Amino acid sequence: MDPMTNPFAPGAGTRPPALAGRDHVIAAAEIALKRVQAGRHAKSQMLLGLRGVGKTVLLNWIAELAEDAGYLTVVLEAPEGQRLADMLVPPLRSVLFRLSRVERARDVANRGLGVLRRFAGAFKVKYADWEVGVDGEPGRADSGRLESDLPDLLLTIGETAKAADRAVALFIDGVQYLTAEDLSALIVSMHKLEQRGLPVVLFGAGLPQLAALAGEAKSYAERLFEFPPIGPLDADAARKAVREPVREEGADIDEDALARVVEQTKGTRTSSKSGARTRGTARRAPRSPRRTWNAPRTRPCATSTRDFSACASTA
Ligand SMILES: Nc1ncnc2c1ncn2[C@@H]1O[C@H](COP(=O)(O)OP(=O)(O)O)[C@@H](O)[C@H]1O
Ligand SMILES: [Mg+2]
């Protein structure tokens, strides 16, 4: 097909032109999001799967659903070796600023900014851009012990969100890279938020061993979280993931080529050399009005390449 209109641009975390085969996970996430907004409890969800199955794009998809539903979202990717405190402070600060614009939550949010500032001080988070006048009262989230300070901080966020009649969703990709201390503090935080019925929900993604890591960190993690397994797409979903974007570009892919793509990818990737052939611009189908996005440009990856991240690394 015309390389200019080829809809496939494989790469780790690159949003696919069609998100196929994840309806049940998305439906469960939507229910959790609605429950929390309605003031009910919902278990946090940790999407578990091997590299390349599609956790990141699914997590980002759920984050967009949350935003569309009116959530304040915090989306983090946990790279190895970075502290959760460093990653959380800047986005939580902007959450508190946004909440402070809601009249009835202004005082709570301003106090929250003080708590955040003291937390940042206790953990030596380098973040220069503080407003004057939010020094904060000592004694909350500033002991220097993450396992008590992170819950205090996230409870503050939850209280502020509740005062503003809003909900907050945290998204953390690569949860297996968090240190045991960070993971433990995060689990304790979610536990306390649950006990207090505050409108904060967590969606994470990680490698399968994350379930065991969470259980080792806190034995009650298994009751606190759902661990939806994210596996390779089944054959139908894999066909859809390839055929739909091709058709949308006014091209078609023959059954043999489709069968080969599905067979070679084993449901974990699509290839930018999809075997699609253009039927001519005269037959272009009208573009559907659904969301479009600009995928980063990556070099096309050989059909024999097994994994999308390998394709990206040649770019
Ligand atoms: N449901 C899906 N349908 C079609 N393509 C998908 C789907 N899920 C993931 N992909 C594609 O697979 C590749 C790997 O996805 P990614 O989310 O990075 O995997 P992971 O985070 O599990 O390593 C990306 O290029 C993405 O566009
Ligand atoms: Mg990923």
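The model is predicted, so local features need pLDDT of at least 70 and side-chain atom pairs count only at pLDDT 80 or more, while totals for chains, interfaces and linings use all residues. Residues are numbered from 1 along each chain as its sequence is written, with chains lettered from A and ligands numbered from 1 in the order in which they are written.

Let us begin with the overall fold. The protein chain holds 11 helices and 7 strands; these are DSSP runs numbered from the N terminus, with helices (H or I) of at least four residues and strands (E) of at least two. Of its 315 residues, 41% count as buried. Here buried means that 20 or more other C-beta atoms lie within 10 Å of the residue's own, exposed means 12 or fewer, and partly exposed is in between, with C-beta atoms placed from the backbone.

An open sheet is formed by 5 strands in the order 2-3-4-1-5, with parallel pairing. Its edges are strand 2 (72-77) and strand 5 (225-226), each of which pairs on one side only. Two strands pair if DSSP finds at least two bridges between them. Strand 3 is joined to strand 4 (residues 200-206) by 6 bridges, and Leu170 stands opposite Leu202 in strand 4.

Now for ligand 1. Its shell has 24 residues, and Pro16, Gly54, Lys55, Thr56 and Ala241 come nearest; a residue is near a molecule if its C-beta atom, placed from the backbone, lies within 6 Å of it. Helix 2 (residues 55-68) gives the most to this shell, with 3 residues. Domain 1 (23-226) and domain 2 (235-309) both give residues to the shell, so ligand 1 lies between them. The domain bounds come from an automatic or database domain assignment.

Finally, look at two places in the backbone. Most residues other than glycine have a negative phi.
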